[in-house]
Amino acid sequence: MKMEVKNGDSQLLSKLATNNEHGENSPYFDGWKAYENNPFHPTKNPNGVIQMGLAENQLSLDLIEEWIKKNPRASICSPEGVNAFKDIAIFQDYHGLPEFRNAVANFMGKSRRGKVSFDPERIVMAGGATGANELLMFCLADPGDAFLIPTPYYPAFHRDLRWRTRVQLLPVVCESSNNFQITKKALEEAYENAQKANIKVKGLIITNPSNPLGTTMDRATLRTLVTFINDKQIHLVCDEIYAATVHSLDFVSISEVVQEMEDYCNRSLIHVVYSLSKDMGLPGFRVGIVYSYNDIVVNIGRKMSSFGLVSSQTQHLLASMLSDEEFVNEFLSESTKRLASRRGSFTKGLEQVGIRCLESNGGLFCWMDLRKLLKKPTFEDEMGLWSVIINDVKLNVSPGSSFHCHEPGWFRVCFANMDDETMVVALRRIRNFVEKGEDAEVITVKKQNKACQKTLSLSTSQICDENVTMTLSYSSPRVISPHSPIPHSPMVRART
Amino acid sequence: MTLSKKATCNSHGQDSSYFLGWQEYEKNPYDELTNPNGIIQMGLAENQLSFDLLESWLANNPDAASFKRNGESIFRELALFQDYHGLPSFKNAMVKFMSEIRGNKASFDPNKLVLTAGATSANETLMFCLAEPGDAFLLPTPYYPGFDRDLKWRTGVEIVPIQCTSSNGFRITELALESAYQLAQKRNLKVKGVLVTNPSNPLGITLTRHELNLLLNFVDEKGVHLISDEIYSGTVFNSPNFVSVMEILVNRNYVNMDLWNRVHIVYSLSKDLGLPGFRVGAIYSNDDLVVAAATKMSSFGLVSSQTQYLLSAMLSDEKFAKNYIVENRKRLKNRHAKLVRGLRKTGISCLESNAGLFCWVDMRHLLSSETFDAEMELWKKIVYEVGLNISPGSSCHCSEPGWFRVCFANMSEDTLELAIQRLKLFVNAISSNKNNINGVSQNYSSKSSRRKSISKWVFRLSFHDRERER
């Protein structure tokens, strides 16, 4: 029976393994490719593509590094800390190190105005926020059930919330006319549409501060959401992974609202997702947290966390770091200051060339309004403009359609993953582009990469579908996922 | 408001007796000084024998300890590194280590290795990649209790047992394989593959070449997958040497044949290096599609970059790695021999084994009847009266009552000695009080009051969940 192999006979594999629901085969791949093929470097490649599609917080790693240097005991490998090596190395209890949970609960409280305290007993670990979001879906919804999600939203939710869980995502359309705020009307409409289509809605998931908008929800909006889900008796998942990118006085956590509405809201419906990847800039450490007000979810979630526990080595380090009150206070204060300053410089620089961003106070990015640069308000034109920005202006930004935005012309631009000099270069390029008055139609695309062009034009026709009430038929791009199929880390490039 | 079916059903399997023993241990853990009459943990398949080797390596390699490479700080790069392809230097080191463990009789391509958060995640991920909800995998019994959760819970996959019995040392036979397959057919389950643990948990034996060939013939004929969970491969301390399924495939010229793509290996550093807390698991597959899909899925449980870096430095130190493997094996061999000897003196025999962190102990002669009820009865006595948390065979889905898994590598030598002593006294008490099997010697902790509650013992675990373990 030794037949010649057809590598990867896909009938032998599951549908999950062979479908495209992970979303990584989307046309937006090309933006990454352009960057990968020609990455910017201030001295070695000053004309390369600047990466502005990566929502990383690189502004305050020095503070963390300094703390680590000053606290060798926090490492189980240093001479000062190695006496803890054995106990930590064998610790695989899915409750997590108590000191880790305490420290995380403390950090969460501090980054939320100190108005709420978090119970360490409710903290459940997960493999990054990626793992946390998926875990919650497994706990709250059955295959075929749906979650409502306001647009625009983080592209990788398509994979994280849907892929292995087989849960559906139903968009709650938000529009620029009111700065993309969620309205009760939009919520009700989405819910009713689901009812009509016989789809069981299990909950609503929001990201606050928002990715890609960078805005935070005010208390009134949060109360509206809590009232809505309470009325319908469905779950509310709040992804607060950007909480500490906002000055703590400005951020209202759902936990604060839950506290206030204690008497008339079923708190067992409320669940928070957290992570240290954005607030602290430590995506490599895979610290995801599920914080649920529902006892059963905590219990079951904990068992499920076996599939993505945080390395005990990392737990130990962070437990030590985040219990250092002085460090935490200083870090939160300084980090938010630096982010605010960077955000300010960047948006000012854009304003100076007539480019407006949605007013925001959080996140690691701006939601840039380039609608006036479109000849026609279509996604086709948006893709055309994007192609120009990547290939001519040489900035890898993320087009709004990849976030399921219903209006063409918006772009997410990250500003916290580079140094000041690079930001200056980026702004200069944008200024040059705008001042030259190139518009999407008169594109003399100087292509270095023919293949890229081919795929881009293919993708243009793919998304010509203007029907923006799509859900799953739309092959929307999720290349903005930090898990780009192309390794982009210098540590990986170094091997080739 | 309802939760999902997965949240409310019992497929996480953590209400079993296996986890119950844990609970009892947690309530009353043995400590040489503070609680000398407490329960000794022998249900935990951990390797605690060789930490000193790791610690001394750390002392000699300060750079790896402090996020440095060649004296330069790489903290920033590590902090930001979340690429699901994994740190290349770590994957290179892993495949070399895997090869070294197999006497370099098999070599591995780092591009076919997918890093996961422990073998727990690796096994689940493979299920998601290879099977639909409702499909089945065949597993030889007895098997690791955690598989009920890892393979079935969120994936919806079923496990159908390949019954192995003591009549032939629990070896896998052609008949058993066929019977399992037929059973699955009868239950209307589509069989997607076979999963074996080699070396076996809980048996502690390595699969013979004959068994491996049987398995390959079987999956070849049926056109299904073979997963070989080889997380204990570095714990083989006696001959026969470990033979990986990969070696057989190469020897039989199956390279790049259909079958080649259907064999997948699961690995981890939790047992071989004794680092379960670090959550380092891996899937190795020759099938590009499986590697691609599993890589994407690993997003849900990546290995911390901090940990990848430390271990890449450690395992790339080939001299250290080679020495570790040899020394670790030696220590496991001694410890194993000690337990076997001690048990033998008590008239208790073990399945002859050459690997693992445990013995598969035959206590059938101590059963009041050849039933699982009697096994439970005996188990409760051993937990409460003897003060040893060992794992009853039924929790491992063994088809014959009276077998127990007893771990030996997660405690000091003195503690092991004490455990053997306690068992000896218990067995002597039984034989000298043949008709009074509830006899308790005063050498035990004052648990006679507990005896009364045993009969009222409620089995089902209520929610005090335990550490992950194998």
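pLDDT is the predictor's confidence in each residue, on a scale from 0 to 100. The structure is a predicted model, in which local features need pLDDT of at least 70 and side-chain atom pairs count only at pLDDT 80 or more, while totals for chains, interfaces and linings use all residues. Residues are numbered from 1 along each chain as its sequence is written, chains are lettered from A and ligands numbered from 1 in the order in which they are written, and side-chain values use heavy atoms, with hydrogens and water left out.

For chain A, the average pLDDT is 87, and 85% of the residues score at least 70. Residues 1-8 of chain A stay under 50, and the model gives them 23 contacts (heavy atoms within 4.5 Å) beyond four places in sequence. In residues 438-496 of chain A the pLDDT is also below 50, with 131 contacts in the model beyond near neighbours in sequence. Where pLDDT is low, the predicted coordinates should not be read in detail.

Two helix pairs of chain A are described here. Helices are DSSP runs of H or I with at least four residues, numbered from the N terminus; axes are lines fitted to C-alpha atoms over the stretch in contact, and angles run from 0 to 180 degrees between N-to-C directions. The axes of α6 (residues 128-140) and α11 (residues 295-304) of chain A come within 10 Å and cross at roughly 125°. The pair is therefore oblique, the class left for angles that are not under 35 degrees (roughly parallel), over 145 (roughly antiparallel) or 65 to 115 (roughly perpendicular). The crossing of α6(A) and α11(A) is right-handed, meaning that the near helix is turned clockwise from the far one by less than a right angle. From α6(A), A:Leu135, A:Leu136, A:Phe138, A:Cys139 and A:Leu140 meet A:Val297, A:Ile300, A:Gly301 and A:Met304 of α11(A). These residues comprise eight nonpolar, one polar and no charged; Ala, Val, Leu, Ile, Met, Phe, Trp, Tyr, Cys and Pro count as nonpolar, Asp, Glu, Lys and Arg as charged, and the others, Gly among them, as polar.

In the second pair, the axes of α8 (residues 184-196) and α9 (residues 219-232) of chain A come within 11 Å and cross at roughly 25°, which makes α8(A) roughly parallel to α9(A). This crossing is right-handed too. A:Lys184, A:Leu187, A:Glu188 and A:Tyr191 of α8(A) make the contact with A:Thr224, A:Leu225, A:Phe228 and A:Lys232 of α9(A). By class, four residues are nonpolar, one is polar and three are charged.
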